[in-house]
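Hello,

Here is the structure I promised to pass on to you. Have a look at it first, and then read on for what turned up in it.

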Amino acid sequence: MLKMMRSVPSEPNVPAPCATRAGARGRRCAGLLAFLVAISVLAAPSPVRAEFANPRGVAVIIGNANYEHRDVPDVTFAHRDAGALRRYVVDVLGFDPVNVIDLRDATRRELFDALGTKSDPRSLLWSYLDPDGGSDVVVFYSGHGVPGLNDGRGYLLPVDADPRAAEDDGYPIDLLYRNVGGLAEAGSVRVYIDACFSGGSHGGGLIRNASPVFVEATLPEGVGHKVTSLTAASGTQIASWDENARHGLFTHHLLDALHGRGDADGDAKVTAAEAKRYLDRHMTRAARRQHRRVQQASLIGVQDAVLATAAAGGAFPARPGSEAPAETVAVPTKDDGPEKKTAAAIEAPSSSAETAESVEATLGLTFAERVLVQHGLTSLGEDVGRADGVFGRRTRAGILSYQKEKGLPETGHLTAELRDALVAHGQAYAMKRRQEEADRRADDEAYAEARRLNTLASYRAYLERGGRHEGEARTRLAEVSKPKWPAGQDLRECDDCPKMVVVPAGSFEMGSPSWEEGRFHDEGPVRLVSIAQPFAVGVHEVTFREWDACRRDGGCSHHPDDQGWGRGDRPVMNVSWHDAREYVRWLSRKTDAQYRLLSESEWEYAARAGSTTPFHFGSTVSPEQANYNGSFAYGSGRTGRFGGRTEPVGSHTANAFGLRDVHGNVWEWVEDCWHDSYRGAPSDGGAWTRDGDGDCDYRVLRGGSWVSRPGSLRSAVRGRSGSVHRNHFNGFRVARTLD
């Protein structure tokens with residue numbers, strides 16, 4: 001009989017969602033959550049979806065200003081940069097404010113939660129996208145960037161990170177591009193990064209005693225058709241600030257470009273290439289004049305992507321006065337040439353509006369109240385446009401209409417009583433919308449979970465609760481009802497991979513009855529085992545040819561001896577249980593599928609293939625049916641030749657599942673630790689690796705070998721050997737878990 005040592009797998013660290021922290025860090029997190037709650041109350045998306053020009057748009061706005069590490073200088077204007085970009089995507093691009101993920105001083109966990117990990121790109125951003133597709137995505141980051149000193153990649157630096165450990169603590173810029181570019185629901189993706197990756201900064205060096213690292217901006221393969229990215233600096237350059245504008249140089253001039261100054265050809269559009277040319281003319285020169293540095297923006301991705309579009313009449317919206325000084329802006333048109341307008345003139349209210357505002361000044365209206373007034377008018381059927389707190393002509397017309405309906409003086413401005421009435425309507429409207437949005441998101445999450453599980457039970461559970469995805473859920477239910485892996489299907493995932501066959505789910509009695517000739521006590525007690533899911537099994541044992549492919553690829557370290565019998569298609573031998581585990585790990589990495597050793601109960605189920613006799617072909621065995629020591633007979637069988645070595649795999653007839661050589665040739669390692677009976681063994685087909693009196697220094701082998709007497713080839717026979725032991729009659733075959 002045959003004995004074995006165990007290996008302990010490690011669990012990877014996966015970034016967790018944002019958690020509450022103590023001290024100032026916790027207060028910032030709490031403040032952020034409070035801010036997002038307030039925004040969801042005051043600016044939740046309308047069920048009509050008409051008051052926002054781009055209700056499907058989603059933005060992630062990140063401003064990292066205050067860094068915790070003692071050697072990392074703060075980024076003075078990062079919060080102001082982020083605020084300006086947030087205002088731009090809401091006021092100009094027309095994104096619903098509730099679809100803006102606004103992070104200030106983001107930690108590592110918050111960055112990975114917002115933008116996704118390598119193993120799970122379904123991020124917070126992903127959860128905000130419209131499931132029906134077509135969402136425009138904007139990602140903006142202002143803060144420090146750092147290079148990886150060992151891998152040369154660029155990283156966004158979280159506020160709780162050590163810049164010298166970017167590979168562990170930073171967010172890889174190429175991962176950002178891969179995750180956002182891979183969002184199937186995104187129609188377009190625009191990424192703006194006001195950071196450099198040189199290891200330096202406007203406020204001083206981030207990594208002491210390190211030479212600058214050149215980080216080349218590139219997009220991962222397959223995402224370039226929808227991603228456009230503009231970054232503040234190239235190569236080893238430093239991204240600087242503009243002290244007068246109180247912005248990063250890149251952000252300041254990018255906003256100018258997006259508000260129309262980048263429209264070089266007068267077609268009322270600003271493309272990515274035009275914005276880059278504008279930055280080259282203005283930001284680059286400003287860096288030279290103000291800081292005597294070279295700073296040149298970098299553009300990758302879709303060069304002709306349209307980043308900004310003029311309003312009707314060809315006029316771009318003016319940059320808000322709080323972000324840039326009011327000045328004359330040339331708004332070129334194709335037909336009439338440049339038309340000069342000032343920011344003040346574009347935004348100037350009419351005299352009647354000025355009167356209304358002056359009258360209402362005594363009310364001390366807050367921004368929240370102004371938004372609720374507009375929501376209240378919308379709930380009463382008035383078209384006031386976007387609820388932005390600015391009482392323009394449509395809001396004034398709505399107030400007049402409401403006054404007329406109620407028989408009030410038609411002044412067009414609010415009184416205290418009118419304010420209170422409309423605010424009450426707005427609060428009810430916002431609450432209703434918030435509930436509708438919560439219900440929609442809950443429904444989307446429930447359906448997303450059903451799709452993640454992708455099982456009959458998950459789709460049936462979703463259909464029982466009801467929801468707006470009912471039609472698609474019924475279609476998918478019908479699809480998963482079809483067998484994805486029909487029994488007997490061949491499967492081979494690469495030229496060097498073992499040939500597999502799908503074994504169906506089912507139940508069988510494992511072990512041998514007391515009257516079976518040659519029975520050992522460890523083959524019982526007989527018990528029912530049920531295997532719920534089909535799985536794939538190697539048609540034959542792993543061969544030397546397949547093992548040598550693993551060695552050439554660096555996956556297998558051991559070079560097994562073939563005893564001079566030849567390699568090629570003979571079963572690999574002189575391999576330990578640990579060697580076999582090394583092979584299946586390599587195979588899993590190579591194919592991105594879950595290869596493994598069979599469990600002991602899976603092996604016997606697959607070997608029997610529905611039979612209940614000692615061998616899958618009957619109650620006895622002959623040398624024509626298997627490779628074993630034919631000098632001995634079993635039961636009523638006869639003796640025959642003894643070859644004295646292994647044979648090429650597949651030399652004998654397959655069983656009903658299509659498996660060959662389950663009896664003889666080489667003993668086959670399985671996953672289980674040794675137990676001297678089946679008392680307490682799992683009945684679900686899983687491997688028995690713990691509990692009871694098991695010994696995991698010894699592992700189980702099944703099937704017998706070329707040197708075995710025929711009684712040791714029976715389907716129920718169990719062998720054992722030390723897990724580190726190698727000899728010329730032990731090999732293995734592999735299993736593959738099916739999706």
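Buried here means under 20% relative accessible area, with exposed over 50% and partly exposed in between (1.4 Å probe, protein chains only). In a regular strand the side chains alternate between the two faces of the sheet.

Before going further, a word on the source: this is a predicted model, in which local features need pLDDT of at least 70 and side-chain atom pairs count only at pLDDT 80 or more, while totals for chains, interfaces and linings use all residues. Residues are numbered from 1 along each chain as its sequence is written, and side-chain values use heavy atoms, leaving out hydrogens and water.

S21 (594–597) is an edge strand, as is S16 (490–491), and each pairs on one side only. They belong to an open sheet of five strands in the order S16-S17-S20-S26-S21, with antiparallel pairing. Two strands pair if DSSP finds at least two bridges between them; S21 and S26 (residues 734–737) have four, in the antiparallel sense. Arg596 has Ala735 of S26 as its bridge partner. Helix H17 (residues 577–591) lies across S21 and S26, at about 170 degrees to S21. Such angles run from 0 to 180 degrees between N-to-C directions, with axes fitted to C-alpha atoms, for helices over the stretch in contact (heavy atoms within 4.5 Å).

Elsewhere, the largest nonpolar core has 45 residues, of which Leu115, Leu125, Leu176 and Ile193 touch the most other members. A nonpolar core is a set of buried Ala, Val, Leu, Ile, Met, Phe, Trp, Tyr and Cys residues joined through side-chain atoms within 4.5 Å. Helix H6 (173–181) gives the most to this core, with five residues. Ile193 is in contact with Tyr141, Leu156 and Phe250, among others, leaving aside neighbours within four places in sequence.

Helix H3 (residues 108–115) has Glu110, Leu111, Phe112, Ala114 and Leu115 as its buried residues. Just after H3, Gly116 takes a positive phi of about 100 degrees.

As for the whole chain, 52% of its 739 residues count as buried. Its secondary structure comes to 18 helices and 26 strands, which are DSSP runs numbered from the N terminus (helices: H or I, at least four residues; strands: E, at least two).

Best wishes
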